[in-house]
Amino acid sequence: MTTPDNIMFRVEETSDLPIWAQLRNRVAYLIRMGVFKAGDQLPSVRSLAADAQINYNTVTKAYRDLELSGLIVSIRGRGMFVQKGVSIDDEEEGAIDALLESCIDQYRAKGMNYGEIRDRLVSMVDKLERKALEAEEERQSYGTI
């Protein structure tokens, strides 16, 4: 299943997080960002597993965790839906932003200006993205699912 950015989920082979947790975090993020709105149906377990080339049980585990956290609800025979009336708490995202601000402050303390810091961050993100894409290509070349 695709989203406006054309990829709902891609396994990050270099991540320390289990695949089910990566998926759970991605779906929660897409809900917080409004890609999936209250009442929207999520991709079926089978279609998401096929599209992401991951095990059916991995998707089931991620969806179950999202359901337990109150973000989504299962409607028997119809599928998984974004919970209506759910209020998305930005506390976790705020904590992550605070970490990033702390890193920026540390760069500033070392004498870097904001432009240099931005270039450094973009370079780091590009490097991590390249590593993830290389790992994905390697995974696909071996045909592992």
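This dialogue reads several features of the predicted model shown above.

Student: On what basis are the values computed?

Tutor: The model is predicted, so local features need pLDDT of at least 70 and side-chain atom pairs count only at pLDDT 80 or more, while totals for chains, interfaces and linings use all residues. Residues are numbered from 1 along each chain as its sequence is written, and side-chain values use heavy atoms, with hydrogens and water left out.

Student: How many helices and strands does the protein chain have, and in which pattern?

Tutor: Helices (H or I, at least four residues) and strands (E, at least two) are DSSP runs, numbered from the N terminus. Here the protein chain has five helices and two strands, arranged along the sequence as α-α-α-β-β-α-α.

Student: What share of the residues in the protein chain is buried?

Tutor: Buried means under 20% relative accessible area, exposed over 50%, and partly exposed in between, with a 1.4 Å probe and protein chains only. By that criterion, 24% of the 145 residues in the protein chain are buried.

Student: Which residues have the most contacts inside the largest nonpolar core?

Tutor: In soluble globular proteins, nonpolar side chains tend to be buried together. A nonpolar core is a set of buried Ala, Val, Leu, Ile, Met, Phe, Trp, Tyr and Cys residues joined through side-chain atoms within 4.5 Å. The largest one here has 23 residues, and L23, L42, V59, Y63 and I72 have the most contacts inside it. Helix 1, helix 2 (45-52), helix 3 and strand 2 (79-82) each supply at least two residues of this core; helix 1 gives the most, with five residues.

Student: Which residues does V59 touch?

Tutor: A contact means heavy atoms within 4.5 Å. Leaving aside residues up to four places away in sequence, V59 touches L23, V45, L48, A49 and I54.

Student: Why do the buried residues of helix 2 line one face of the helix?

Tutor: An α-helix has 3.6 residues a turn, so residues three or four places apart point the same way. In helix 2, the buried residues are V45, L48, A49 and A52. Viewed down the axis of helix 2, its buried residues fall within an arc of 100 degrees (taken from the directions from the helix axis to the C-beta atoms), so they line one face of the helix. These buried residues pack against helix 1, helix 3 and helix 5 (114-142). On the other side of helix 2, R46, A50 and D51 are exposed.

Student: Which side chains meet in a salt bridge?

Tutor: Side chains of opposite charge can pair when their charged atoms come close. A salt bridge is a side-chain nitrogen of Lys or Arg within 4 Å of a carboxyl oxygen of Asp or Glu. The structure holds one salt bridge, in which the side chains of R24 and D65 meet at 3.2 Å, N to O. The pair links distant parts of the chain, with R24 in helix 1 (residues 19-32) and D65 in helix 3 (residues 56-68), 41 residues apart. Both partners are partly exposed: R24 has a relative accessible area of 21%, and D65 has 26% relative accessibility.
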